[in-house]
Amino acid sequence: MKTKIVALDAYGTTLASDDFDNEMPARKGLEKFAKICNENNIKILSTSDAPLITLKLDYEAAGIDWYNFFYDMYQLDMYPKYYGGIICSYDIKPAELFVIGDNYDKDLSDAKEMGCSILLVPEYLSDSDNFDFARIKIP
């Protein structure tokens, strides 16, 4: 089944989780990943437990034009994150949602139980990061 929606966790996945001064850029390869999604008509959503205004400001500080980058943003403040609302809102099957996060229990466990495709990435910290979003193979 082809992915229609990608749900990206914010802190630790696309933004450095320990960047309290907003000095770090967004994670490597994120813009190329977005280009690949756009070319394949895949919508990108941001998911976070942080208030959306905080998330928007942090993306701006990291150099991401969130308004044009993300199709939508969701505050999923339950633990673990529940993706049923996204699946219903976009009228997709769970297998058409690809969820990417850095914490299995918090970001991915519910998605996996629902039948979504998932990808656990290493936590993005400011001191070192070798992960590249451009290398992700979208199911």
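## Methionine 78 and its loop

Methionine 78 sits in the loop that runs between strand S3 and helix H4 (84–89). Helices (H or I, at least four residues) and strands (E, at least two) are DSSP runs, numbered from the N terminus. This is a predicted model, in which local features need pLDDT of at least 70 and side-chain atom pairs count only at pLDDT 80 or more, while totals for chains, interfaces and linings use all residues. Residues are numbered from 1 along each chain as its sequence is written, and side-chain values use heavy atoms, with hydrogens and water left out.

Methionine 78 counts as partly exposed, at 34% relative accessibility. Buried means under 20% relative accessible area, exposed over 50%, and partly exposed in between (1.4 Å probe, protein chains only). Between methionine 78 and lysine 106 there are 28 residues in sequence and 8.6 Å in space, C-alpha to C-alpha. Proline 80 also has its place in the loop between S3 and H4. The peptide bond leading from tyrosine 79 to proline 80 is cis, with omega near -5°.

## The sheet

Five strands make up an open sheet with parallel pairing, in the order S3-S2-S1-S4-S5. Two strands pair if DSSP finds at least two bridges between them. S3 (72–75) and S5 are the edge strands, each with a single partner, so one side of each has no neighbour in the sheet. On average, neighbouring strands of this sheet are turned by 20° against each other, direction ignored.

S2 (residues 43–48) pairs with S3 in the parallel sense over four bridges. Serine 48 has glutamine 75 in S3 as its bridge partner. S1 and S2 run parallel and are joined by five bridges, and isoleucine 5 stands opposite lysine 43 in S2. Five of the six residues of S2 are buried, which leaves the strand mostly covered.

## Helices on the sheet

Helix H2 (residues 52–61) packs on the sheet and touches S1, S2 and S3. The direction of H2 makes about 130° with that of S3. Axes are lines fitted to C-alpha atoms, for helices over the stretch in contact, and angles run from 0 to 180 degrees between N-to-C directions. H5 packs on the sheet as well, touching S1, S4 and S5, and its direction makes about 160° with that of S5. Contact means heavy atoms within 4.5 Å.

Helix H5 covers residues 104–114, and its buried residues are Asp107, Leu108, Ser109, Asp110 and Ala111. These buried residues pack against S1 (5–9), S4 (97–101) and S5 (117–120). The N-terminal end of H5 is capped by asparagine 103, with a side-chain oxygen 3.1 Å from the backbone nitrogen of aspartate 105. Just after H5, glycine 115 takes a positive phi of about 100°.

## Threonine 14

Threonine 14 belongs to the loop between S1 and helix H1 (30–39). With a relative accessible area of 0%, threonine 14 is buried. Its side chain and that of tyrosine 59 are joined by a polar contact of 2.6 Å. A polar contact is a pair of N or O atoms within 3.5 Å; within protein, one must be able to donate a hydrogen and the other to accept it, and residues adjacent in sequence count only if both atoms are side-chain atoms. A polar atom of the threonine 14 side chain also lies 3.5 Å from the backbone oxygen of aspartate 9.

Leaving aside neighbours within four places in sequence, the residues in contact with threonine 14 include Leu8, Ala26, Arg27, Leu30, Tyr124 and Phe133.

## Aromatic rings

The structure holds six aromatic pairs. In the pair of phenylalanine 69 and phenylalanine 70, the ring centres are 4.7 Å apart and the planes stand at 70°, so the pair is edge-to-face. Rings of Phe, Tyr and Trp (its six-membered ring) pair if their centres lie within 6.5 Å; planes under 30 degrees apart count as stacked, over 60 as edge-to-face and the rest as tilted. Phenylalanine 69 and phenylalanine 70 are both buried. Elsewhere, ring pairs link Phe33, Phe131 and Phe133 into a cluster.

Lysine 43 lies over the face of tyrosine 71, at 4.9 Å from the ring centre. A charge sits over a ring if NZ of Lys or CZ of Arg is within 6 Å of the ring centre and within 35 degrees of the ring normal.

## Positive phi in two loops

Most residues other than glycine have a negative phi. Asparagine 22, in the loop between S1 and H1, has phi near 55°. Asparagine 22 is partly exposed, with a relative accessible area of 32%. Aspartate 91, in the loop between H4 and S4, has a positive phi of about 50°. At 71% relative accessibility, aspartate 91 counts as exposed.
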